[in-house]
Amino acid sequence: MNQFQYVRPAKPKAAIEARVKDQNSQFIAGGTNLLDLMKRGVMNPERLIDISRLPLDKLERQGNTFRIGSMALNATVADDKQVLEKLPLLAQALNAGASAQLRNMATIGGNMLQRTRCPYFYDTALPCNKREPGSGCGALEGYNRMHAIFGFSDKCIAVHPSDMSVALVALDATVLVSGPKGDRRIPFAELHRLPGDIPQKDTTLEPGELITAVEVPEGPFTKNVHYLKVRERASYAFALVSVAAALQLENNVIKDARLAMGGVAHKPWRLTEAEKSLVGKPATEATFQAAAEIAMRGAKAFKHNAFKLKLGPNAIVQALKNATNVA
């Protein structure tokens, strides 16, 4: 590991100023992803700006909105009584995301910004446009079992690894950020970006911007929800395919629906057309299968991940069945 400087600002403004001053610096909180990347030589910041002790860890209920500080720990949020009651989909996704040890270290902000686990990104001996722009995408013609079926480009077919983010995009969350140009709000669906021609840029954050909180509206999704994660092994692993499903039911008729997928794109993949198809329909397997068919339109597989074209719709149907107890 290369040598680096370490600083620990006391206030968010000082942290932002330090980040702007040194372009080869990185924020660090729990460090559960960044330290791995540094050890492997994928990232080599000259300065680490420790933001873990900034006063950004509160969970507050403001009217019908939950405001979750970016430094709140994944475990703290997942175990919070109000989150379990009002945002059970978020709690399920957080608990599915990692072991207890990692949830006790990882922060909400860091979870949003974790990097892809594509093996070509992690191995510095292999080509990767995300790690080294212009070097090529090794996964395109290589081993691409874990890779995207939506929204990819010829520059990158990696997927976003966060389970929590799949739930947050389904729940219409909003990300609050502060930066050298002031504060702004980003709809969660606009935080992460597709690879296009610049796959090295994961998000729409500007240089020096710091995520301070995420706001999640309560909504009617407190009962019929399910986060389904399909992975290679039963112990904690990244999703091959995951589905966040939330329904509002009235006399077994779907009044509102939220659906999103993980493990299929460079960003959490919201299924808005499939959601629309569910509204007004009975909560039956036939309804769910029709929605799954709509959700998979436009999907395209590579040599080693063609199974996702079948696993994807099956996972959607199963998540909806689990959310509604349909046999």
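These legends describe close-up views of a predicted model.

**View 1. The largest nonpolar core.** This core has 38 residues. L89, L90, I108 and M112 have the most contacts inside it. In soluble globular proteins, nonpolar side chains tend to be buried together.

**View 2. Surroundings of L89.** L89 is one of the residues with the most contacts inside the largest nonpolar core. Neighbours within four places in sequence are left aside here. The residues then in contact with L89 include A167, A170 and L171. V225, H226 and Y227 are also among them. A244, A245 and A246 complete the list.

**View 3. Another nonpolar core.** Leaving L89 and its contacts, this view turns to a core that lies apart from the largest one.

**View 4. The salt bridge between D202 and R115.** A search of the whole structure finds 16 salt bridges. One joins D202 to R115, with the closest N and O atoms 2.5 Å apart. D202 lies in the loop between β7 (182-187) and β8 (210-217). R115 lies in the loop between α7 (108-113) and α8 (119-122). The pair therefore ties together parts that are 87 residues apart in sequence. Both D202 and R115 are buried.

**View 5. The salt bridge between D172 and R258.** The two side chains meet at 3.3 Å, N to O. D172 sits in the loop between α10 (163-170) and β6 (174-179). R258 belongs to strand β11 (residues 253-262). The pair links distant parts of the chain, 86 residues apart. D172 has 38% relative accessibility, so it counts as partly exposed. R258 is at 15% and therefore counts as buried, because the cut-off for buried is under 20%.

**View 6. The salt bridge between R184 and E209.** The closest N and O atoms of this pair are 2.7 Å apart. R184 lies in strand β7, and E209 in the loop between β7 and β8. The bridge thus ties together parts that are 25 residues apart in sequence. R184 counts as partly exposed, at 32% relative accessibility. E209 is buried, with a relative accessible area of 11%.

**View 7. A salt-bridge network.** D172, R258, R270 and E275 form one network. Salt bridges that share partners join these residues. Side chains of opposite charge can pair when their charged atoms come close.

Methods: Residues numbered from 1 in each chain as written. Predicted model: local features only at pLDDT ≥ 70, side-chain atom pairs only at ≥ 80, totals over all residues. Heavy atoms only, no water. Core = buried A, V, L, I, M, F, W, Y, C linked by side-chain atoms within 4.5 Å. Buried < 20%, exposed > 50% of the residue type's maximum accessible area, 1.4 Å probe, protein only. Contact = heavy atoms within 4.5 Å. Salt bridge = Lys/Arg side-chain N within 4 Å of Asp/Glu carboxyl O. Helix = DSSP H or I, 4+ residues; strand = E, 2+ residues; numbered from the N terminus.
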